[in-house]
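Here is a brief report on ring contacts and pockets. Look over the sequence and the model before reading on.

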Amino acid sequence: MGTKLYTEMREQFTEYLIGKQLRKTEERYTIFERICHFPGHFDITLLYQDLEEQNYHVSKATLYNTIEVLIDAGLIVRHQLTSQSVQYELRRLAETHQHLICTKCGAIREIRNQIFKTFVKNMRVTRFTPEFHCLYIYGVCSKCKYKKQTVRK
């Protein structure tokens, strides 16, 4: 999956870099290629570890800078899921699902619901054109709810 996604989106990334007059560096392309191999959410630590495992060494500053470039290019999405948790995801993957986030333990579950996707696609807002959406639903997961119920007994 990752190599195919990367191949499809590499040209879009290159066009963005040229349009913004940014350098087309090996580091940027390698980081983006590794991101395309993640099946879902990732954070900077996970990305850094993945690159290290591939024997590719870059600084965390380079990672953060590249992430910002990829966000601006519309290739990845930044998720501020909780006040402590920032995660990222390929925009192409983020558009396929919604996020259920437990306010107790921080667990994230993804659901696919065509009704939301259709609603956003058909939504008409004056002086605004939606490009993509991310939906976050906050609540309590079944494990935390069960723990809370057993503590009360």
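F13 and F32 are both buried in this predicted model. The two residues form a tilted aromatic pair. Their ring centres lie 5.2 Å apart, with 55° between the planes.

The structure holds 5 aromatic pairs. F13 and F32 also belong to one aromatic cluster, together with Y6 and Y29.

Charged side chains meet rings as well. R10 lies over the face of Y29, 4.0 Å from the ring centre. K60 is placed over the face of Y48, at 5.2 Å from the ring centre.

Now the pockets.

| Pocket | Volume | Lining by class |
|---|---|---|
| Largest | about 200 Å³ | 4 nonpolar, 1 polar, 5 charged residues |

What lines the largest pocket? Its lining consists of E95, K117, V120, K121, M123, R124, P130, E131, F132 and H133.

The second largest pocket is lined by L100, I101, C102, A107, I108, R109, I137, G139, V140 and C141. Strands β3 (98–102), β4 (108–111) and β5 (136–139) each give two or more residues to this lining. Which of the elements gives the largest share? That is β3, with 3 residues.

Note on methods
Residues numbered from 1 in each chain as written. Predicted model: local features only at pLDDT ≥ 70, side-chain atom pairs only at ≥ 80, totals over all residues. Heavy atoms only, no water. Phe/Tyr/Trp six-rings, centres within 6.5 Å; stacked < 30°, edge-to-face > 60°. Buried < 20%, exposed > 50% of the residue type's maximum accessible area, 1.4 Å probe, protein only. Lys NZ or Arg CZ within 6 Å of the ring centre and 35° of its normal. 1 Å grid on protein atoms, 1.4 Å probe; cavity = no way out; pocket = protein on both sides within 12 Å on 5 of 7 lines; lining within 4 Å. Points joined across faces, edges and corners; volume = space filled by probe spheres on them. Nonpolar A, V, L, I, M, F, W, Y, C, P; charged D, E, K, R; others polar. Helix = DSSP H or I, 4+ residues; strand = E, 2+ residues; numbered from the N terminus.
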